[in-house]
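User: Hi! I'm new to reading protein structures. Could you walk me through this one, a feature at a time?

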Amino acid sequence: MLIAFLVLAATAQSLDFARFHLLGSQLPPLDQGVVFLLFFLGFGVKAGIVPLHIWLPDAHPVAPSNVSALMSGIVIKTGIYGMARVFFDFFGPPPLWTGTVVLAIGVASALLGVLYALMEHDLKRLLAYHSIENIGIILMGFGAALVFRALGHGNLAAVALVAGLYHTFNHATFKGLLFLGAGSVLQGTGTRNMEHMGGLIRRMPATALFFLVGSVAISGLPPLNGFVSEWLTYQALLAGFGSTESLTRMMFPIAGALLALTAALAAACFVKAFGIPFLALPRSEAAAAAKEAPVSMRIGMGILAAGCVALGLGATWFVRLFDPITSQALGLRVSSSLVAANGLAMAAGTGRGGTVSTAGIAVLGLALGGVVAILVMLRSRGARRVSGPTWDCGLPGLTADNQYTATAFSKPLRMIFSALYRPRREIQAEYEVSPYYPTAIRFESDIEPAFEKHFYDPLQRSILELARRMRGIQAGSIHAYLAYIFVTLILLLLFGVRG
Amino acid sequence: MQLLLLLAISPLISGLIKTLKARMQTRRGPGVLQFYRDLYKLFRKGMVIPDTASWIFTAAPYVVFVTTAMAGLMLPMTSTEAPLGLFGGVLAIVYLLGLGRFFLALAGMDTGSSFGGLGSSREMTISALAEPAMMLAVFTVAIAANSTNLSEVARSAVGQNWRFFAPAQMLACAALYVVLIAETGRIPVDNPATHLELTMVHEAMILEYSGPHLALIEWAASMKQLVLMTLLVNVFWPFGLASGPSVAGALGGLGWLLLKLGLLSCSIVLVETTNAKLRLFRVPEMLSVAFTLGTLALVSTFLF
């Protein structure tokens, strides 16, 4: 990243960002590509794109939860900000492959992020993996915008850019909310492991409600904010198919389908992340004795939850905020084409593209729900409504041990995607009379961290190997060092004479 | 209007499928109207609510019912104009059904029984894998119509009735058909008639529901089936869709709709009768076939 900045600075003769505007395009094509990739990798590490993400799930959870909220809300967004600035401000219309690379990395980050999140039972690590997923979704918007820009579709590029930026905002809101929720759960129960929680909705009703709002939002379900930006991303990707005649257009619908897979897996993951800790019976004494978060934390979560609702329902108002950005980057304002029916509905921004109204869905949904509830109440008036124990197959007493665990919940997906996870399991049973009556069973299961094992470990080993060989020249002998200095001096002199 | 239509004919289609299936298996089976009687009875019954459950359990039936009904309103049923076309198109339908499923899965976990968790886990897994195939099929038609709004899709399809024989349309239709089977919980993915613990998916999630709540869920499941079936028939065979709001057009459209749904029901019954239920871990293979079909559909729009 530093190298890339230096290249740009050398061309601009300045370190002032204002002078960098559109500067990238003045470089020769090869340099452009190199500078672009250097920036992408540099900011990518910060944003946590796959395969540069491995620090993120380790770093975010160990911070106090309010700091984690800031880290995933703001800190990784500096990477996104840097990319937006570089891609759309420093460079003019980029070569086509840059957008394709960004889109592909976006898809990979989104999918792998959510797949690893599914296997995680530490609430905060799970959320950290979801940050990777959401960065991926943002990059899908950015990548599409770059491709459109390369193809000369300014309008579509602006729509895709708005989709990416809107998702950036949304992610900051719901992820902040979820981390704060995880924080109050941590404070209430003293554990981050979901398998030791359960039934918290009774003990911590406010936290549960807010966490539910965040879960619905991050799963991209209507009418909350995650849905709006994912919908915009779909529209941008769909419009992409018509934007070019070449085979590259196949990547848009495929990316769209993988976005659908990502969103659906995220929903599955948040059924787990909400259902296991908050619903049914407590799985440990700590969870049974959990205390609701203090008022200050509840207020914080309340504000962010309200933000999720507002960004969802008021989408047609919020898209106007992106006009200055798109007009600076692309010289276009698209918010008016994204709003239909006098601000009632969002439009796709491309001709007849399609509309959606989150506010309409919410209002109508509440109205219909009310009517149905009243009708049901009238119809079943006088009928008995009793509370009874859950069906326990006739065995006496249902306990928390009978409940599905987080591991069990994600088991089908672990089996289906076993090529990626390479799960390992170990069962040890001890028995006295017959193997059918074990006295104790120990079960262990984990998944292989593929990136660490197949990418970073070889890298680390080769660096260590290189370092070991280098050690040979660092013999500690002063004569040798003097010789090195002398040779270097001669070489520099020769270089100077020739130059 | 369409809301009433949706509420009224969804139990009919479910009843029809049940009866036809029984006849195929040389049983007499319940009458076509049995589903109405079931609903009527359930709404008058009392309820037992598990004492482990929270407000999620009570709220879920309403959420499922309302989201499914709204999804149905975004769909052109008898005419090309969907009542709620402005509020959302096919993406909104998929995601509204997703919202309902989200709450139902939570409700399954809320009971504290292992069946609930089992059902939720399987339901979310299967639907997650069905989603990309569904999207690809939907994209194929959306790209042909240049819109995700289903009224637009239907308008562009009307008048090209034989478009179905284009390779892209046939492949997308096949993909959506597989998704339909998976999403409505039919054999070979799930068996709506079983309560055997090893094979339940949808039934396991709703095992603890009773009375009016169960009625709402069953009705919503039947509406969801109708919504997906109508999506399939009206997008791929837009025969008889009225193009404007007129009584004659609406009646004609209704006739055609029932005919098409009837035919689709027959094919579903055939599939259900001639196939055995798949093992849960074979289901992904079936869905990846659907995904491949969807991809091929897109590639062939490119080629032809």
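Analyst: First, a term: helices are DSSP runs of H or I with at least four residues, numbered from the N terminus. Just past the helix α4(B), B:Gly112 has a positive phi of about 80°. Keep in mind that this is a predicted model.

User: How many residues does helix α4 of chain B have, and what does it reach from its first C-alpha to its last?

Analyst: The general idea is that an α-helix has 3.6 residues a turn, so residues three or four places apart point the same way. Here, α4 of chain B covers residues 90-110, which is 21 residues. Its reach is 30 Å, close to the 30 Å expected at 1.5 Å a residue.

User: Is α4(B) mostly covered or uncovered?

Analyst: A residue is buried if 20 or more other C-beta atoms lie within 10 Å of its own. By that count, 21 of the 21 residues of α4(B) are buried.

User: How many residues of chain B are in contact with chain A?

Analyst: In general, the size of an interface is often given as the accessible area lost when the parts come together. Here we count residues instead: 68 of chain B are in contact with 69 of chain A. On the side of chain B that touches chain A, α5(B) gives the most, with 17 residues. By class, that side has 39 nonpolar, 21 polar and eight charged residues.

User: Which strand of chain A is joined to β1(B)?

Analyst: Strand β4 of chain A, residues 385-388, is joined to β1(B) by four bridges, and the two run parallel. One pair to find is A:Val386, whose bridge partner in β1(B) is B:Val48.

Technical notes. Residues are numbered from 1 along each chain as its sequence is written. Chains are lettered from A and ligands numbered from 1 in the order in which they are written. This is a predicted model: local features need pLDDT of at least 70, side-chain atom pairs count only at pLDDT 80 or more; totals for chains, interfaces and linings use all residues. The expected span of a helix is 1.5 Å times one less than its number of residues. A residue is buried if 20 or more other C-beta atoms lie within 10 Å of its own, exposed if 12 or fewer, and partly exposed in between; C-beta atoms are placed from the backbone. Two residues are in contact if their C-beta atoms, placed from the backbone, lie within 7 Å. Ala, Val, Leu, Ile, Met, Phe, Trp, Tyr, Cys and Pro count as nonpolar, Asp, Glu, Lys and Arg as charged, and the others, Gly among them, as polar. Two strands pair if DSSP finds at least two bridges between them.
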